[in-house]
Amino acid sequence: MTAEQDVQARSFKCDSCGAQLAFDAASGKLKCGHCGATTDVAAGQGQVVEHDYFAGLDGQPHGLGVTVRVHRCNECGAHVSFPERITATTCTFCGSPHVLEQDENQNALRPESLLPFAVDRRAANDAFARWLRGLWFRPNDLRHLARVEELAGVYVPFWSYDADVIARWRADRGYHYYTEEEYTTQENGQEVRKQRRIQHTRWEPAWGRRHDSYDDVLVCASRGLPADLASHLKTFDTHRLVPYAPGYLAGWRAEEYAVSLREGWSEAREHIERQEQSRCARDVGGDTHRNLSYDCEYRRITYKHLLLPLWLAAYRYRGKVYRFLVNGQTGEVVGKAPWSVAKLSLFIGLMAALVALIVALALLLRN
């Protein structure tokens with residue numbers, strides 16, 4: 001049997017009636033599903049701290065603090081923890097109808113902190129409805145015909161990285177200048193001489209360095225979450241992290257870590273270097289630049305391992321399934337939706353007509 005644990009196996013019983021308690025996102029407390037009584041979640045031990053990255057490569061703490069069974073989806077590879085008394089027939093992450101149990105991971109990574117769910121099921125559905133209403137270039141009947149399938153609240157593992165970065169760059173800085181030249185054109189069957197401005201660029205070498213600090217660069221540690229959706233989540237407030245306590249997971253699902261600390265840092269580093277490239281490019285100055293090269297020196301790399309709350313779901317529209325995520329802390333929605341060919345065609349046609357009008361006016365003014 002796996003050494004992983006699940007809060008459903010621990011006794012979270014109501015003091016009033018003895019029924020099972022579950023964490024209630026709306027109140028932020030453990031709530032009895034039978035009599036409605038609530039109680040505070042026992043505070044987690046320890047503090048939310050940053051760990052040295054290189055020291056962390058030597059080993060990680062393990063275990064969630066309660067008993068679970070782990071299932072590995074054959075379709076998407078997600079490792080999801082479910083209560084022992086529930087048999088899963090579909091995968092939360094990809095909708096696959098078969099989730100096979102594998103006891104391959106004997107030591108699940110223990111997250112030290114988490115963001116508790118603050119958005120309950122009803123609020124998640126409301127957020128999805130608002131998201132649909134705000135979409136442009138989508139079918140008019142989308143919000144009426146879209147039918148949400150199972151909406152599952154899951155604590156998803158993430159890595160969070162901090163780093164100080166010194167970037168040194170080199171480039172050619174360009175300044176535009178203009179000259180006038182004469183040219184000959186035909187108008188009404190006659191040759192006409194006119195003048196026009198020609199843009200040139202004067203190049204000069206440039207170099208510099210900059211120092212930036214990055215705080216809480218988040219990397220999803222799940223294999224099952226769609227990367228193209230997870231990367232668009234922007235609104236997690238990691239300043240509200242609380243020390244891990246099993247009570248927050250009562251009645252919810254939690255996925256184990258499937259991305260290592262080293263793999264996570266590699267992804268975070270790619271994100272940081274894309275940011276540094278843009279910042280170095282802005283530092284070059286001038287009117288334009290070329291041949292930008294840069295290198296980054298990293299200092300004080302630290303990390304946290306944490307659980308973040310997400311509602312994972314899909315909706316069906318005209319026989320096709322589209323996936324979406326709802327941030328369980330803020331209600332932010334990211335997802336996919338069908339395009340309206342008619343609306344896109346109309347928009348493109350209007351833009352083409354506008355460009356043609358601008359060109360015609362420009363030619364009229366020149367003549």
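This briefing describes strand pairing, a surface patch and aromatic contacts in one structure. The model is predicted: local features need pLDDT of at least 70, side-chain atom pairs count only at pLDDT 80 or more, and totals for chains, interfaces and linings use all residues. Residues are numbered from 1 along each chain as its sequence is written, and side-chain values use heavy atoms, with hydrogens and water left out.

**Strand β10 and its partners**

- Helices (H or I, at least four residues) and strands (E, at least two) are DSSP runs, numbered from the N terminus; two strands pair if DSSP finds at least two bridges between them.
- Strand β10 (residues 152–187) runs antiparallel to strand β14 (residues 288–317), with 21 bridges joining them; Asp164 stands opposite Arg299 in β14.
- Strand β11 (residues 190–220) is also antiparallel to β10, through 29 bridges, and Arg168 has Arg209 in β11 as its bridge partner.
- β10 and β11 form a hairpin with two residues between them, and Asn188 in the turn has a positive phi of about 55°.
- Strand β13 (residues 253–255) runs parallel to β10 and is joined to it by two bridges; Val154 stands opposite Arg253 in β13.

**Three-stranded sheet**

- An open sheet of three strands has the order β1-β2-β3, with antiparallel pairing.
- Its edge strands, each pairing on one side only, are β1 (21–24) and β3 (38–39).
- Two bridges join β2 (residues 29–32) to β3, where Thr39 is the bridge partner of Leu30.

**Nonpolar surface patch**

- Leu346, Phe347, Ile348, Leu350, Met351, Leu354, Leu357, Ile358, Leu361 and Leu364 form a nonpolar surface patch with about 980 Å² of accessible area together.
- Patch residues have over 30% relative accessible area and no salt bridge; nonpolar side chains (Val, Leu, Ile, Met, Phe, Trp, Tyr) are joined within 5 Å, and like charges within 9 Å.
- A salt bridge is a side-chain nitrogen of Lys or Arg within 4 Å of a carboxyl oxygen of Asp or Glu.
- Met351 lies in helix α6 (residues 341–366) and counts as partly exposed because its relative accessibility is 35%, between buried (under 20%) and exposed (over 50%), with a 1.4 Å probe and protein chains only.

**Aromatic contacts**

- The structure holds 18 aromatic pairs, meaning rings of Phe, Tyr and Trp (its six-membered ring) with centres within 6.5 Å.
- Tyr53, Phe54, Tyr161, Trp265 and Tyr298 form one aromatic cluster.
- The charged end of Arg197 sits over the ring of Tyr178, 4.1 Å from its centre; that of Arg290 sits over the ring of Trp203, 4.1 Å from its centre.
- Such a contact requires NZ of Lys or CZ of Arg within 6 Å of the ring centre and within 35 degrees of the ring normal.

Technical notes. Accessible areas come from the Shrake-Rupley method with a 1.4 Å probe; for residues, only the protein chains shown count as cover. Rings of Phe, Tyr and Trp (its six-membered ring) pair if their centres lie within 6.5 Å; planes under 30 degrees apart count as stacked, over 60 as edge-to-face and the rest as tilted.
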